[in-house]
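The discussion takes a helix pair and then a sheet.

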Amino acid sequence: METLAQLIKLQDYISRYEWNPYRYPSQFIRLKKENWLHLKEAWEKEKNSLPLHETEIVDQAEQHSRWKMWKRKEKKEEVPHEEDAKLVLPETEQGLKQYYLNKLLHLQMKWATSTVTEVSFVDKNWHNDMEIKYFLQRFPDTYLILYYPIFEIKKAPVECEIILITPIGIEIISQIKEEIGSTFIAQDARTWIVEKGGHRGKLLNPHIALKRTENIIKGILSHYDLNFPITKVILAKSNPVQFVTEPFQTKIIGSHQYQDWFAQKRKITSPLKNEQLKVAECLLKHVQTTAVKRPEWEEERDSFEFVDEEF
């Protein structure tokens, strides 16, 4: 269960990682592994005995766990018929993993939009955003992600590209996509060409946004005397990109290069690094945050859900 990158900042929503960027990443990895083992153990026991509804399996897993990811139902449901159980109980370990990752995704969104004392008003579309799900569920859990963060630069908000802080460096990613069958033609000018069926359109050169984000990051790291490698990536998962040469310290990843690039990202098995966490801390000091004070009863409820972990 190494997969599930950590969303440490989503636009200008308040994040729990802003509280303590050193504690939360390692704690998340530890709790994620512990709870996966508990859930898998309960699932294996039920697979080898009578079929049960999946909510009952979750309840059994909670008995062994201090991390209250799912609320226990006050009224226990009756055991359904065998035919019904087959519809709700994952038949394979891979199915159980996906079920678990979906639960963790919900929790990551909660951590990225609220703290015990404050909460941000979140656009509901983010909860169904497939690109967030892609980055969180397909990359290692030692990747710390700032998803289109908004930095405060000279008291002015500046929205940046996706930032991946890995144990070995930073990757700034600009995603581009068009309809299937479209091809991007890279140019050194301010615009690129989008070609489909003999028709041509224009796209603002994605390197411009990448360079703006890079300059902001470099400025912040320089302020704290930090030196961390930075790579820029233009990512087009579904469309080929035609180019002659890549810009300096920039990788162009079209559909033909995507699988190799993705496999390389997944191979990084290095644990969290202190320098990596220091970089995250410094960047989070300069992001814009919009939130309001939580009602007292919500603070109490949230604290109860994460009892013994002092969240």
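Axes here are lines fitted to C-alpha atoms, for helices over the stretch in contact, and angles between N-to-C directions run from 0 to 180 degrees. The model is a predicted one.

Begin with the helix pair. Helix α1 covers residues 23–47 and helix α4 covers residues 93–111; their axes come within 11 Å and cross at roughly 145°. This crossing of α1 and α4 is right-handed. On the α1 side, the contact involves Y24, F28, L31, K32, N35, W36, L39, K40 and W43. These meet E93, L96, K97, Y99, Y100, L104, Q108 and W111 of α4. Sorted by class, the contact of α1 with α4 comprises 11 nonpolar, 2 polar and 4 charged residues.

Now turn to the sheet. It is open and built from 6 strands with mixed pairing, in the order β1-β3-β6-β7-β11-β13. From one strand to the next, the twist averages 20°.

Helix α5 (residues 130–138) touches β1, β3, β6 (162–166), β7 (169–175) and β11 (230–235), and its direction makes about 165° with that of β3. Helix α8 (residues 274–284) touches β1, β3, β6 and β7, with its direction at about 150° to that of β6.

How values were computed: Residues numbered from 1 in each chain as written. Predicted model: local features only at pLDDT ≥ 70, side-chain atom pairs only at ≥ 80, totals over all residues. Heavy atoms only, no water. Helix = DSSP H or I, 4+ residues; strand = E, 2+ residues; numbered from the N terminus. Left-handed = near helix turned anticlockwise from the far one by under 90°. Contact = heavy atoms within 4.5 Å. Nonpolar A, V, L, I, M, F, W, Y, C, P; charged D, E, K, R; others polar. Pairing = 2+ DSSP bridges.
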